[in-house]
Amino acid sequence: MKKIYLICSLTLFIGITAGISFFLIRDASAKVPANVTLIDQNGEDYNFSEDSKLKLIEFIYTHCPDICPTTTQKMVQLKADLEKNNVYGKDIEFVTITIDPYRDTPEVLLKYMNAFQISNNNHWIFLTGDQENIKAEHEKIREIADSLQFQYKDPGNGQFVHTSFTYLIDGNNKFISKFPMGEDFDKQEVFEEILDEIK
């Protein structure tokens, strides 16, 4: 009987270890496609081959009632800390990507930025799709989200269901780390991770 318990326990341990290993390897090998071009808040083309800085990526939609604006606000606070250390804009930039390009036009993203008093410069980029070919553009956004395992769905009422992570990627667009969104976004943890990567 003890032998059966031992075999069952060992099988369970191996299964759990294999599952954890799968997710760690999957995340570690994630890379944002550099050849995908989207439109920024000023209506200009942007792709991830533009520069070699670290990037903190946030996925949002501007009609989100809670987790998205909370995350953006915490990133604003993080930005202030990074500015004090003279690394924001020089070594790292923020990228916010809408998962609702149908409603989140460049003009809407500019209003969202203004609501959070985010300067319109090339240090914090807000991305959406070209409205003239919006269905294909949405597929590009989906490709970027899928590359980081960010999942989202519109159940039909415009209130998206989505996973809740932000992502730090390196200058080659490879995954470094992910952090919870909303109230669980630990500004200090993200700050320390960024500074560690810059060193």
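Trainee: Which residue stands opposite Phe126 in strand 5?
Mentor: The model is a predicted one. In it, strand 4 (residues 92–98) and strand 5 pair in the parallel sense over four bridges. Within strand 5, the residue that faces Phe126 is Thr96.

Trainee: Which residue stands opposite Leu127 in strand 5, and which residue has Leu127 as its bridge partner?
Mentor: Strand 5 also pairs with strand 1 (residues 37–40), in the antiparallel sense and over two bridges. Opposite Leu127 stands Ile97. The residue whose bridge partner is Leu127 is Asp40.

Trainee: What is the order of the strands in the open sheet?
Mentor: The sheet has seven strands, and their pairing is mixed. Strand 2 (45–47) and strand 9 (175–180) each have a single partner strand, so one side of each lacks a neighbour in the sheet. On average, neighbouring strands are turned by 35° against each other, direction ignored. The order is 2-1-5-4-3-8-9.

Trainee: What angle does the direction of helix 2 make with that of strand 3?
Mentor: Helix 2 (residues 67–84) packs on the sheet and touches strand 3, strand 4, strand 5 and strand 8 (165–169). Its direction makes an angle with that of strand 3 of about 160°.

Trainee: What angle does the direction of helix 3 make with that of strand 5?
Mentor: Helix 3 also packs on the sheet, where it touches strand 1, strand 3 and strand 5. Strand 4, helix 3 (residues 106–115) and strand 5 form a right-handed β-α-β unit. The angle between the directions of helix 3 and strand 5 is about 145°.

Trainee: How many residues of strand 5 are buried?
Mentor: Strand 5 spans residues 124–128. One side carries Trp124, Phe126 and Thr128, the other Ile125 and Leu127, and both faces are covered.

Trainee: Why does Lys55 count as buried?
Mentor: Lys55 lies in strand 3 (residues 54–60). Away from its neighbours within four places in sequence, Lys55 has contacts that include Tyr46, Phe48, Ile92 and Tyr167. Buried means under 20% relative accessible area. Lys55 counts as buried because its relative accessibility is 0%.

Trainee: Which residues touch the most other members of the largest nonpolar core?
Mentor: That core has 52 residues. Leu56 has contacts beyond four places in sequence, among them Met75, Leu78, Phe94 and Phe179. The residues asked for are Phe48, Leu56, Ile57 and Phe59.

Note on methods. Residues numbered from 1 in each chain as written. Predicted model: local features only at pLDDT ≥ 70, side-chain atom pairs only at ≥ 80, totals over all residues. Heavy atoms only, no water. Buried < 20%, exposed > 50% of the residue type's maximum accessible area, 1.4 Å probe, protein only. Contact = heavy atoms within 4.5 Å. Pairing = 2+ DSSP bridges. Right-handed = clockwise from strand over helix to strand, strands pointing away. Core = buried A, V, L, I, M, F, W, Y, C linked by side-chain atoms within 4.5 Å. Axes fitted to C-alpha atoms, helices over the stretch in contact; angles between N-to-C directions.
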